Amino acid sequence: MDVSPNNTLQRWLTGPRVGTLPSPSSLPAPKLSFEFFPPKNEKLEADLWSCIRRLEPLAPRFVSVTYGAGGSTRSRTHETVARLAKETSLTPAAHLTCVGATREEVDEVARAYWDAGVRHIVALRGDPPAGAAKYEPHPGGYAQAEDLVRGLKRIGDFDISVGAYPEIHPAAISADADLDFLKRKIDAGANRAVTQYFFDTGVYLRFLDRCHAAGITASIVPGIMPVTNFASLKRFSAMCGASVPEWLAKLFEGLDEDEGTRRLVAATVAAEQVRILQANGVDEFHFYTLNRPDLTYAIAHILGARPPAA
């Protein structure tokens, strides 16, 4: 586990706790990582690689590639991750889930990643497949993410990220039970947790306090979702358990047909959110790009992230 002074949780415990925005020039550029999703067709594949090339110069710590529901994009995820490892300067992280596969099948995918030079895995339980009312472990598979983490560690010394839920996983029976799941994943060998997106910074900072009280010392990296389409965000948030504050709805009110203004508002909201977190000692952020690079690039630029000098 990461218990160095650079750990997000350690900085929150020892740093200042403020709610006002500091001068941008007074803050160092944050450490960034980006999430992409695999393409469904050739057109979307071209869009994805345009996104990757646009963000590559920012030298993120890693970039992750998601699975579809029920592991439905497993082969495309593997192809994208393998190509990232081979053709770019980026450190790719492959999403791997427990859904719809035996332990042997999951282990085979993990070994293929290892052979392709991929050393970073985002280990997740996964969402139920389409049509399923709730998650059911595969009879011969890994039951939960903590079991997957242990299995990956048996295969190789992977750098493993897991999910965390500041507002509680939708399937959790309680906040305490959800936090216990997170601790078990870290104790099983995960190196860090990346959170579900949120918009109220207080939600995340209170979650760090609860992690500390539970004895969790690994880094808890906040997930940031730039808002590209507010109506879609509301629908998805209702499914994943992320709250959408009324003040955010007010900011996007009347902008359904005004994409340009939506993008300006989205960049402002995300940059302000990150700067407040930075002022509270957080300097690692994971951006859900939705394969749309310009908004993420603009936010990163506002925060001081620049391509390294040649």
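Helices (H or I, at least four residues) and strands (E, at least two) are DSSP runs, numbered from the N terminus. The model shown is predicted: local features need pLDDT of at least 70, side-chain atom pairs count only at pLDDT 80 or more, and totals for chains, interfaces and linings use all residues. Residues are numbered from 1 along each chain as its sequence is written, and side-chain values use heavy atoms, with hydrogens and water left out.

Figure 1. Of the 310 residues in the chain, 50% are buried, where buried means under 20% relative accessible area, exposed over 50%, and partly exposed in between (1.4 Å probe, protein chains only). The chain exposes about 14300 Å², of which carbon and sulfur atoms supply 53%; accessible areas come from the Shrake-Rupley method with a 1.4 Å probe, and for residues only the protein chains shown count as cover. A contact means heavy atoms within 4.5 Å. Among contacts between residues at least 6 apart in sequence, 80% join residues at least 24 apart.

**Figure 2. The loop between β5 (159-164) and α6 (175-187), with Ile-168.** Most residues other than glycine have a negative phi. Ile-168 is not a glycine, yet has a positive phi of about 80°. With a relative accessible area of 31%, Ile-168 is partly exposed.

**Figure 3. The loop between β8 and α11 (293-302), with Leu-290.** Leu-290, although not a glycine, has a positive phi of about 55°. Its relative accessibility is 31%, and Leu-290 therefore counts as partly exposed.

**Figure 4. Ser-64 in strand β2 (residues 63-65).** The relative accessible area of Ser-64 is 0%, so this residue is buried. Not counting residues up to four places away in sequence, Ser-64 touches Phe-34, Glu-35, Phe-36, Ala-93, His-95, Val-122 and His-286.

**Figure 5. The stacked aromatic pair of Phe-230 and Phe-252.** A pair of aromatic rings is described by the distance of the centres and the angle of the planes. Rings of Phe, Tyr and Trp (its six-membered ring) pair if their centres lie within 6.5 Å; planes under 30 degrees apart count as stacked, over 60 as edge-to-face and the rest as tilted. A search of the whole structure finds six aromatic pairs. One of them joins Phe-230 and Phe-252, at 5.5 Å centre to centre and with 10° between the planes. Phe-230 lies in helix α8 (residues 230-240) and Phe-252 in helix α9 (residues 246-252), so the pair ties together parts that are 22 residues apart in sequence. Both Phe-230 and Phe-252 are buried.

**Figure 6. The ring cluster of Tyr-197, Phe-199 and Phe-236.** Ring pairs link these three residues into a cluster.

**Figure 7. The largest cavity and its lining.** On a 1 Å grid over the protein atoms alone, a cavity is a set of points where a 1.4 Å probe fits but cannot get out, and lining residues have an atom within 4 Å of a point. Grid points are joined across faces, edges and corners, and a volume is the space filled by probe spheres set on the points. By this rule there are three cavities of 30 Å³ or more, and the largest has a volume of about 60 Å³. Its lining consists of Lys-31, Leu-32, Ser-33, Arg-61, Phe-62, Arg-192, Val-221, Glu-284 and Phe-285. The elements that give two or more residues to this lining are β1 (31-36) and β8 (284-288), and β1 supplies the largest share, three residues.

Terms used: 1 Å grid on protein atoms, 1.4 Å probe; cavity = no way out; pocket = protein on both sides within 12 Å on 5 of 7 lines; lining within 4 Å.
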